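Student: Please take one part of this model and look at it closely. I would like the side-chain pairing treated in detail, then its surroundings.

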Amino acid sequence: MDNMTPVLLEDAGKARQAMTPLRLKLLALLREPGSAATLAVALELPRQKVGYHLHALEKAGLVMPAGERQRRGFTERLFVARAGSFVVDPSIFGVPPAVEKQDRFAAEHLVARSAETVREVTRMQAAAADEGTRLLTFTIEADIGFAAPQDIEAFAERLTAMVAGLAEEFAPKGEGRRYRVLIGGHPAIKGKPTDKVN
């Protein structure tokens, strides 16, 4: 796996090891190989303190050795982050409350399906990187407006019918790769620029 592929943190202990302000800074700096000494200079901290946190990150498997070099008469160990970014499995923080599967208007349902998508796509991306291939995905985003709450239901009904027609047309046949399509909507954040369909 190249160190640009995100790594999924599924273990609460490993996630805790990463989630301190100092360790997050170390992981960001270690996108390029570095040592306790060079990191200490960059962060203006004692080398021993940086070394302690670096050791904890190594023990958690978040950084890995990246070689050695001679510096001022001693051998300096270099480390690099295992990934350019880390994705924390949302289930670490607890499973969302169960909702009826047919209640497509429940925010909890959207959160649960989105969390599942984060987990599955991150795992598949890592597997593809290990195989030296690229995970082919697609994303469709659009900003729309509803004048009244009942318009949301009308839109969802029309979208469901359109997707059902497309799903029938592109039903899995033979050796083709199956895809899971998740469509969700939530209120836009005020002040955030809007996007056209893309």
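Tutor: Start with Glu 116 and Arg 113, whose side chains meet in a salt bridge with 2.9 Å from N to O. Keep in mind that this is a predicted model. Both residues belong to helix α5. They sit three residues apart, about one turn of the helix. Arg 113 counts as partly exposed, because its relative accessibility is 26% and the buried class stops under 20%. The pair does not stand alone. Salt bridges with shared partners tie Arg 113, Glu 116, Glu 120 and Arg 180 into one network.

Side chains of opposite charge can pair when their charged atoms come close. How many salt bridges does a search of the whole structure find? The search gives seven.

Arg 123 forms a salt bridge with Glu 10, with 2.2 Å between the closest N and O atoms. This pair links distant parts of the chain. Arg 123 is in α5, which covers residues 107–131. Glu 10 is in the loop between β1 (7–9) and α1 (12–18). The two are 113 residues apart. Now the accessibility. Arg 123 is classed as partly exposed because its relative accessibility is 40%. Glu 10 is classed as partly exposed because its value is 43%.

Is Thr 122 buried or exposed? Thr 122 counts as buried, because its relative accessibility is 7%, under the 20% limit. A polar atom of the Thr 122 side chain lies 2.7 Å from the backbone oxygen of Val 118. Beyond the neighbours within four places in sequence, Thr 122 is in contact with Pro 6, Val 7, Leu 8 and Val 87.

Follow that contact to Pro 6. Pro 6 sits in the segment before β1. Pro 6 is buried, because its relative accessible area is 14%. Sequence neighbours within four places aside, Pro 6 is in contact with Ala 83, Ser 85, Val 87, Thr 122 and Gln 125. Take Ala 83 from that list. Pro 6 and Ala 83 are 77 residues apart along the chain, yet their C-alpha atoms are separated by 5.6 Å.

Ser 85 lies in the loop between β3 and β4 (86–88). With a relative accessible area of 31%, Ser 85 is partly exposed. Neighbours within four places in sequence again left aside, Ser 85 is in contact with Thr 5, Pro 6 and Val 7. Ser 85 can also be placed against Arg 31. The two are 54 residues apart in sequence and 8.8 Å apart in space, C-alpha to C-alpha.

Now a pair away from α5. Glu 58 forms a salt bridge with Arg 77, the closest N and O atoms being 3.2 Å apart. Here helix α4 supplies Glu 58 and strand β3 supplies Arg 77. The pair links distant parts of the chain, 19 residues apart. Glu 58 is partly exposed because its relative accessible area is 25%. Arg 77 counts as partly exposed because its relative accessibility is 42%.

Arg 77 leads on to a pocket. About 210 Å³ of space lies in the second largest pocket. Which residues lie closest to its centre? They are Ala 36, Arg 47, Leu 54, Arg 77 and Phe 79, out of 13 lining residues. Elements giving two or more residues to this lining are α3 (36–43), α4 (47–59) and β3 (74–81). By class, the lining has five nonpolar, four polar and four charged residues.

The protein has six helices and four strands. Along the sequence they follow the pattern β-α-α-α-α-β-β-β-α-α. Of the 198 residues, 23% are buried; Thr 122 and Pro 6 are among the buried ones. Take contacts between residues at least 6 apart in sequence: 65% of them join residues at least 24 apart.

Note on methods
Residues numbered from 1 in each chain as written. Predicted model: local features only at pLDDT ≥ 70, side-chain atom pairs only at ≥ 80, totals over all residues. Heavy atoms only, no water. 1 Å grid on protein atoms, 1.4 Å probe; cavity = no way out; pocket = protein on both sides within 12 Å on 5 of 7 lines; lining within 4 Å. Points joined across faces, edges and corners; volume = space filled by probe spheres on them. Nonpolar A, V, L, I, M, F, W, Y, C, P; charged D, E, K, R; others polar. Salt bridge = Lys/Arg side-chain N within 4 Å of Asp/Glu carboxyl O. Buried < 20%, exposed > 50% of the residue type's maximum accessible area, 1.4 Å probe, protein only. Polar contact = N/O pair within 3.5 Å; in protein donor to acceptor, adjacent residues only side chain to side chain. Contact = heavy atoms within 4.5 Å.
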